[in-house]
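Welcome, and thanks for stopping by.

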Amino acid sequence: MTGRFGTNIGDITIDNEVVAKVAGLTAIECYGIVGMATINVTNGFVRLLKRESLTKGIKVDILNNVITIDFHVIIEYGINIRAVADNLISTVKYKIEKFTGMDVGKINIFVEGVRVD
């Protein structure tokens with residue numbers, strides 16, 4: 001689904017992919033987030049996505065102009081997961097609501113791996 005709302009001179013439609021791109025760009029700016037992840041269903045391996053493929057690690061649903069976002073992330077080793085998740089949720093919620101004018105109802109974070117340097 002897409003987000004759709006009307007104005008006095010026409011309709012505005014926001015595609016899920018656009019919301020996912022903004023959410024991904026916002027997420028990788030958050031402290032402790034290495035990047036988005038994808039899981040290979042055949043062998044179960046987790047892969048860090050490149051910047052141009054961020055949206056593959058993010059699922060966006062829009063229902064009645066309320067946005068739900070699922071993030072599959074890889075985080076930096078040694079950083080408090082709860083602190084990273086709280087920061088990610090608050091930052092993405094603020095920026096997506098400001099960008100779209102719609103409410104973010106829920107953000108789910110799936111930590112798929114850690115990066116050890």
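Is Glu29 buried or exposed? Glu29 counts as exposed, because its relative accessibility is 58%; here buried means under 20% relative accessible area, exposed means over 50%, and partly exposed lies in between (1.4 Å probe, protein chains only).

This is a predicted model, in which local features need pLDDT of at least 70 and side-chain atom pairs count only at pLDDT 80 or more, while totals for chains, interfaces and linings use all residues. Residues are numbered from 1 along each chain as its sequence is written, and side-chain values use heavy atoms, with hydrogens and water left out.

**Overall layout**

- The protein has two helices and seven strands; helices (H or I, at least four residues) and strands (E, at least two) are DSSP runs, numbered from the N terminus.
- Starting at the N terminus, the order of the elements is β-β-α-β-β-β-β-α-β.
- The protein has 117 residues, and 34% of them count as buried.
- Its accessible surface is about 7,100 Å², with 53% of that belonging to carbon and sulfur atoms; accessible areas come from the Shrake-Rupley method with a 1.4 Å probe, and for residues only the protein chains shown count as cover.
- Among contacts (heavy atoms within 4.5 Å) between residues at least 6 apart in sequence, 66% join residues at least 24 apart.

**The nonpolar core**

- The largest nonpolar core holds 24 residues, and Ile67, Ile69 and Phe71 are those with the most contacts inside it. Such a core is a set of buried Ala, Val, Leu, Ile, Met, Phe, Trp, Tyr and Cys residues joined through side-chain atoms within 4.5 Å.
- Two or more residues each come from helix H1 (16-27), strand E3 (33-39), strand E5 (58-63), strand E6 (66-76), helix H2 (81-100) and strand E7 (103-115).
- E6 gives the most to this core, with five residues.
- Not counting residues up to four places away in sequence, Ile69 touches Ala23, Ile58, Lys59, Val60, Val92, Ile96, Lys106, Ile107 and Asn108.

**Two buried threonines**

- Thr26 sits in helix H1 and counts as buried because its relative accessibility is 5%.
- A polar atom of the Thr26 side chain lies 2.8 Å from the backbone oxygen of Val22; this is a polar contact, meaning a pair of N or O atoms within 3.5 Å, where within protein one must be able to donate a hydrogen and the other to accept it, and residues adjacent in sequence count only if both atoms are side-chain atoms.
- Setting aside neighbours within four places in sequence, Thr26 is in contact with Thr91, Val92 and Lys95.
- Thr100 belongs to helix H2 and is buried, with a relative accessible area of 4%.
- A polar atom of the Thr100 side chain lies 2.8 Å from the backbone oxygen of Ile96, and the side chain of Thr100 also reaches the backbone nitrogen of Met102 at 3.0 Å.

**A nonpolar patch on the surface**

- Tyr77, Ile81, Val111, Val114 and Val116 form a nonpolar surface patch, with about 490 Å² of accessible area together. Patches are made of residues with over 30% relative accessible area and no salt bridge; like charges are joined within 9 Å, and nonpolar side chains (Val, Leu, Ile, Met, Phe, Trp, Tyr) within 5 Å.
- Tyr77 is placed in the loop between E6 and H2 and is exposed, with a relative accessible area of 59%.
- Leaving out neighbours within four places in sequence, Tyr77 is in contact with Val114, Arg115 and Val116.
- Ile81 lies in helix H2 and counts as partly exposed, at 44% relative accessibility.

**Salt bridges**

- The whole structure has five salt bridges, each being a side-chain nitrogen of Lys or Arg within 4 Å of a carboxyl oxygen of Asp or Glu.
- Glu29 pairs with Lys95, their closest N and O atoms being 3.6 Å apart. This pair links distant parts of the chain, with Glu29 in the loop between H1 and E3 and Lys95 in helix H2, 66 residues apart.
- Lys95 counts as partly exposed, at 33% relative accessibility.
- Asp61 forms a salt bridge with Lys59, the closest N and O atoms being 3.1 Å apart.
- Glu97 and Lys93 form another, with closest N and O atoms 2.6 Å apart; both lie in helix H2, four residues apart, about one turn of the helix.
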